[in-house]
Amino acid sequence: MPAKEKETVRTKSASKSTKPLELSITRTFIAPRELVYKCFTEPEHVMKWGGPRSFVMQNFTQDVRVGGKWRGMLHSTTGKKDLWQGGTFLEIDPPKHVSYTFAWDDDNGNPGNETIVVIDLEEVAGFTKLTFKQSGFPTEGERDGHVVGWGEALDKFAEYFALVSRGGAR
Amino acid sequence: MPYDHLSTTFAALADPTRRAILARLATGETTVNELAKPFDMSLPAVSRHLKVLEHAGLISRGRDAQWRPAKLEAAPLEKASAYIDKYRRFWDESFDRLDEYITELQLKNKEKKNARKRKGNR
């Protein structure tokens with residue numbers, strides 16, 4: 001019994017804490033929810049918008065079912081290094097919810113630190129509200145000593161963002 | 001390797017108890033005893049968490065061997081949040097493109113529908 005009490009107290013205090021490791025973005029699209037959902041879950045659509053400006057999503061494949069894999073390459077249109085990314089689908093509930101793991105490849109083509117992406121779509125009067133969340137910087141595996149992979153992924157990402165910033169993308 | 005620091009910061013922040021400790025320290029420096037209270041944790045357990053946080057540079061501790069009050073250090077946290085901001089820009093820009101694509105897609109669909117209508121009217 002004391003152990004149980006301890007657990008409760010700990011959870012309570014943890015939930016009170018700030019969440020510095022979670023990224024949350026909301027957006028509203030003037031489109032039906034089915035269409036927005038398709039744009040996330042059908043490769044022909046993803047390749048039309050995936051990735052920031054000055055990158056094109058290529059070789060994008062996804063097996064949209066729980067446990068299914070996805071993978072794609074961000075090809076730089078300004079002659080920089082191509083960046084591979086991929087992951088596994090965790091939850092699928094069309095057309096309102098999908099979540100998957102997300103990782104950049106390291107230099108050896110192995111997935112680096114895995115973050116978790118959660119996408120929720122809510123339809124409001126013909127509009128679709130997207131709630132995007134990314135968390136898990138970094139995973140337990142990474143914490144337990146595979147810091148190199150995480151570091152490499154970070155390096156790549158930082159390198160990429162140095163490029164984007166210089167390009168004045170926004 | 002400047003990103004090693006960032007890895008250490010994220011590793012330290014990955015634990016909810018340690019984040020709660022940081023949240024508590026954000027209100028002011030305090031002792032291990034005070035920190036241990038809301039968590040119902042043993043002092044050595046709290047000390048272990050503090051060691052991880054100290055190693056990551058997220059907190060500093062007083063020299064007094066008896067008290068060693070812990071204090072929040074802002075710099076590494078700012079770096080971590082700057083990193084997440086980079087991800088935010090990555091997605092913001094992607095979603096800008098998605099918005100444009102969806103508009104384009106719907107225009108095309110409308111045109112197709114209208115063309116079909118015109119054909120049907122003939």
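Me: Before we start, how are residues, chains and ligands labelled, and which pLDDT limits apply?
Reply: Residues are numbered from 1 along each chain as its sequence is written, while chains are lettered from A and ligands numbered from 1 in the order in which they are written. Since the model is predicted, local features need pLDDT of at least 70 and side-chain atom pairs count only at pLDDT 80 or more, but totals for chains, interfaces and linings use all residues.

Me: At what angle do helices H2 and H4 of chain B cross?
Reply: Two packed helices are described by the angle between their axes and the distance between the axes. Here H2 (residues 16–25) and H4 (residues 43–55) of chain B have axes that come within 10 Å and cross at roughly 75 degrees. They are therefore roughly perpendicular to each other (65 to 115 degrees counts as such). Helices are DSSP runs of H or I, at least four residues, and strands are runs of E, at least two.

Me: Which residues make that contact?
Reply: From H2(B) come B:Thr17, B:Arg18, B:Ile21 and B:Leu22, and from H4(B) come B:His49, B:Val52 and B:Leu53. Contact requires C-beta atoms, placed from the backbone, within 7 Å. These residues divide into four nonpolar, two polar and one charged.

Me: Which residues touch the most other members of the largest nonpolar core?
Reply: In soluble globular proteins, nonpolar side chains tend to be buried together. A nonpolar core is a set of buried Ala, Val, Leu, Ile, Met, Phe, Trp, Tyr and Cys residues joined through C-beta atoms within 7 Å; buried means 20 or more other C-beta atoms within 10 Å, exposed 12 or fewer, and partly exposed in between. In the 23-residue core, the residues touching the most other members include B:Phe10, B:Ile21 and B:Leu53. H1, H2, H3, H4 and H5 of chain B each supply at least two residues, and the largest share, five residues, comes from H1(B). A second, separate core of 17 residues includes A:Tyr37 and A:Phe60.

Me: Where is the cis peptide bond?
Reply: Most residues other than glycine have a negative phi, and most peptide bonds are trans. The bond from A:Pro94 to A:Pro95 is cis, with omega near -5 degrees, and A:Pro95 is found in the loop between strands S4 and S5 of chain A.

Me: Is A:Ala125, with its positive phi, buried or exposed?
Reply: A:Ala125 has a phi of about 50 degrees and is exposed, with 4 other C-beta atoms within 10 Å. B:Asp40, with phi near 55 degrees, is partly exposed, with 16 such atoms, and sits in the loop between H3 and H4 of chain B.

Methods:
Axes are lines fitted to C-alpha atoms, for helices over the stretch in contact, and angles run from 0 to 180 degrees between N-to-C directions. Angles under 35 degrees count as roughly parallel, over 145 as roughly antiparallel, 65 to 115 as roughly perpendicular and the rest as oblique. Two residues are in contact if their C-beta atoms, placed from the backbone, lie within 7 Å. Ala, Val, Leu, Ile, Met, Phe, Trp, Tyr, Cys and Pro count as nonpolar, Asp, Glu, Lys and Arg as charged, and the others, Gly among them, as polar.
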